[in-house]
Amino acid sequence: MSEVSQDFSPFVRLYKDGHIERLMGVDIVPPVDPNSNVMSRDVVYSPALDLSCRLYLPKNTNPNQKLPLLVYFHGGAFVIETAFSSTYHNYLNTLVAEAKVIGVSVDYRRAPEHPLPAAYDDSWTALKWVASHVNGEGPEEWLNSHADFSKVFFYGDSAGANISHQMATRHGQEKLVGVKVAGIVLAHPYFWGKDPIGNEPRESSQRAVAEGLWRLACPTSSGCDDLLINPLVDPNLARLECSKVLVAVAEKDLLRDRGWHYYEKLRENGWSGEVEIMEAKGENHVFHLQSPTGENARLMLEKISSFLNQDRA
């Protein structure tokens, strides 16, 4: 075995011969799940790059019944996990059944083989593919028949929350025609910055993992005050193109204060939408994925389901 060049355990190891060993999120489960109240299937959204998304639809959906449309971006520091792992398949099954929405879980290219902005570009390509169904004439019948494009939500955890923010910002600049982004959900968002805030560690050694993972994901970045990782320094933060934002943080998460500051900055910056925050006491990063049957995970699921349905007739 070649010598390790960079060790980001428990996520990924890089070897001097170029080999990459992912330590989490490597399992792939099929979309078929007979014990679920949700149907799912995989659909190619980018033939050129051979990229797919996994669609989810509640089994009891009536013909031509319109449902809020949830576009989900998985986490994993831009380097691990997929839309097809058991972690995300099980979570989307649970969420779609609870909230009664139609779901699109986006798979995207990962660093370091495909450094940023690949994940952002792929996610935008997926959103344009989703938007091609606005008039009911797209390639995927579930979206043609059941997606309510006046109630579209972006949701992601960790790096996926970062992507959700970036996509809402890009929608404000480039506009997905016919799509109204009603809201975004940012769960334990992977934001960072050069200078510590709140209760973040001051020691450079303790900050090294978050900063090293960012460098791995985006080697061309200007650093941890790049707008892609630190939206708090973005002068255009108030141009976020959606009506409401829900930020979820966890008390013991290293990224907790970034979520709180994002929430506060949106409120201060004259953003016209509604922003709310929920904090899970005693919990760590993405606890709701690791312990989905726990009480705090249940409360978080109920809160997000309510958020996705607040304006539903």
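Mentor: An axis here is a line fitted to C-alpha atoms, for a helix over the stretch in contact, and angles run from 0 to 180 degrees between N-to-C directions. Residues are numbered from 1 along each chain as its sequence is written, and side-chain values use heavy atoms, leaving out hydrogens and water. This is a predicted model, in which local features need pLDDT of at least 70 and side-chain atom pairs count only at pLDDT 80 or more, while totals for chains, interfaces and linings use all residues.

Trainee: Why are H1 and H8 called oblique to each other?

Mentor: The axes of H1 and helix H8 (residues 295-309) come within 9 Å and cross at roughly 55°. Angles under 35 degrees count as roughly parallel, over 145 as roughly antiparallel, 65 to 115 as roughly perpendicular, and the rest as oblique. H1 and H8 are therefore oblique, and their crossing is right-handed, a term for a near helix turned clockwise from the far one by less than a right angle.

Trainee: Which residues make the contact of H1 and H8?

Mentor: H1 contributes Tyr91, Thr94, Leu95, Glu98 and Ala99, and H8 contributes Leu301, Glu302, Ile304, Ser305, Leu308 and Asn309; contact means heavy atoms within 4.5 Å. By class, six of these residues are nonpolar, three polar and two charged.

Trainee: What makes a space a cavity and not a pocket?

Mentor: On a 1 Å grid over the protein atoms alone, a 1.4 Å probe fits in a cavity but cannot get out, whereas a pocket is an open set with protein on both sides within 12 Å along at least five of seven lines.

Trainee: What classes of residue make up the lining of the largest cavity?

Mentor: The lining, meaning residues with an atom within 4 Å of a point, consists of Val71, Leu127, Val130, Ala131, Val152, Phe154, Leu176 and Val179. Eight are nonpolar, with no polar and no charged residues, since Ala, Val, Leu and Phe are among the nonpolar types. Helix H2 (118-131) gives the largest share of this lining, three residues.

Trainee: How many residues line the largest pocket, and which lie nearest its centre?

Mentor: There are 24, of which Phe11, Gly76, Ser158, His285 and Val286 lie nearest the centre. Helices H1 (86-99), H5 (204-217) and H7 (287-290) each give two or more residues to this lining, and H5 has the largest share, three. The pocket has a volume of about 550 Å³, and its lining has 14 nonpolar, seven polar and three charged residues.

Conventions
Grid points are joined across faces, edges and corners, and a volume is the space filled by probe spheres set on the points. Helices (H or I, at least four residues) and strands (E, at least two) are DSSP runs, numbered from the N terminus.
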